Amino acid sequence: METMPKLKTVLLRGARRRCPKCGKGPIYKRWLTMHESCSSCGLKYLENQGDLWGVLLALDRALFILPVIVMIYFRLYNPNSAWFIVFVVVVLVGFIFTTPHRNGMGLGVDYYIRCKFGDLSPEAQPPKTDR
Ligand SMILES: [Zn+2]
């Protein structure tokens, strides 16, 4: 039986854009193009394509609304402020730049939950018998 990594560990690995299982294989081929599986340990990154992953991505995208709301309010109270432009640029660039890192962390959470409850948990993998 494989030992299960801690949630903190998979999040750190995700933030470093590394495989949540072994922390060695890269998640991405390019900017946001993912490998199908880990080159180091062979873990399939997305077993149930779009299952939990979709939820995590949706949550991640939903978080984008928060700075937008803040920006709108900021704009209302500072309509002529040059800082608004700076603020918008910083938030957008920061958000876009960290996308692979956040996706990696989402993948880590996905892996963690799969280990605990899903297809990678010991209960979900009974010895295969042909009866
Ligand atoms: Zn791996």
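This is a predicted model: local features need pLDDT of at least 70, side-chain atom pairs count only at pLDDT 80 or more; totals for chains, interfaces and linings use all residues.
Reader: Hi! Before anything else, what is the expected span of a helix?

Author: Hello! The expected span of a helix is 1.5 Å times one less than its number of residues.

Reader: Great, how many residues does α2 have, and how far does it reach?

Author: Helix α2 covers residues 52–63, which is 12 residues. From its first C-alpha to its last it reaches 17 Å, close to the 16 Å expected.

Reader: Let me step back. Which elements make up the protein chain?

Author: The protein chain has 5 helices and 0 strands. Read from the N terminus, the order is α-α-α-α-α.

Reader: What share of the chain is buried?

Author: Of the 131 residues in the protein chain, 17% are buried.

Reader: And what about contacts between residues 24 or more positions apart?

Author: Taking the contacts in the protein chain with a separation of 6 or more, 45% are between residues 24 or more positions apart.

Reader: Back to α2, please. At what angle do α2 and α5 pack?

Author: Helix α5 spans residues 99–116, and α2 packs with α5 at about 140 degrees, with the axes 10 Å apart. That angle makes α2 oblique to α5.

Reader: Is the crossing left-handed or right-handed?

Author: The crossing of α2 and α5 is right-handed.

Reader: Nice. Which residues meet there?

Author: On the α2 side you'll find L52, W53, L56, L57 and D60. They meet R102, G106, V109, D110 and I113 in α5.

Reader: How do those divide into nonpolar, polar and charged?

Author: The residues of the contact of α2 with α5 come to 6 nonpolar, 1 polar and 3 charged.

Reader: Switching topic: how many residues does α4 have, and what is its reach?

Author: Helix α4, residues 82–97, has 16 residues. Its reach from first C-alpha to last is 23 Å, close to the 22 Å expected.

Reader: Is α4 buried or in the open?

Author: With 0 of its 16 residues buried, α4 lies largely in the open.

Reader: Last one: what is the phi of R17, and where does R17 sit?

Author: R17 has a positive phi of about 60 degrees although it is not a glycine. You can find R17 in the loop between α1 (7–15) and α2. It counts as partly exposed, because it has 16 C-beta neighbours inside 10 Å, and a buried residue would need 20 or more.

Key: Residues are numbered from 1 along each chain as its sequence is written. Helices (H or I, at least four residues) and strands (E, at least two) are DSSP runs, numbered from the N terminus. A residue is buried if 20 or more other C-beta atoms lie within 10 Å of its own, exposed if 12 or fewer, and partly exposed in between; C-beta atoms are placed from the backbone. Two residues are in contact if their C-beta atoms, placed from the backbone, lie within 7 Å. Axes are lines fitted to C-alpha atoms, for helices over the stretch in contact, and angles run from 0 to 180 degrees between N-to-C directions. Angles under 35 degrees count as roughly parallel, over 145 as roughly antiparallel, 65 to 115 as roughly perpendicular and the rest as oblique. A crossing is left-handed if the near helix is turned anticlockwise from the far one by less than a right angle, and right-handed if clockwise. Ala, Val, Leu, Ile, Met, Phe, Trp, Tyr, Cys and Pro count as nonpolar, Asp, Glu, Lys and Arg as charged, and the others, Gly among them, as polar.
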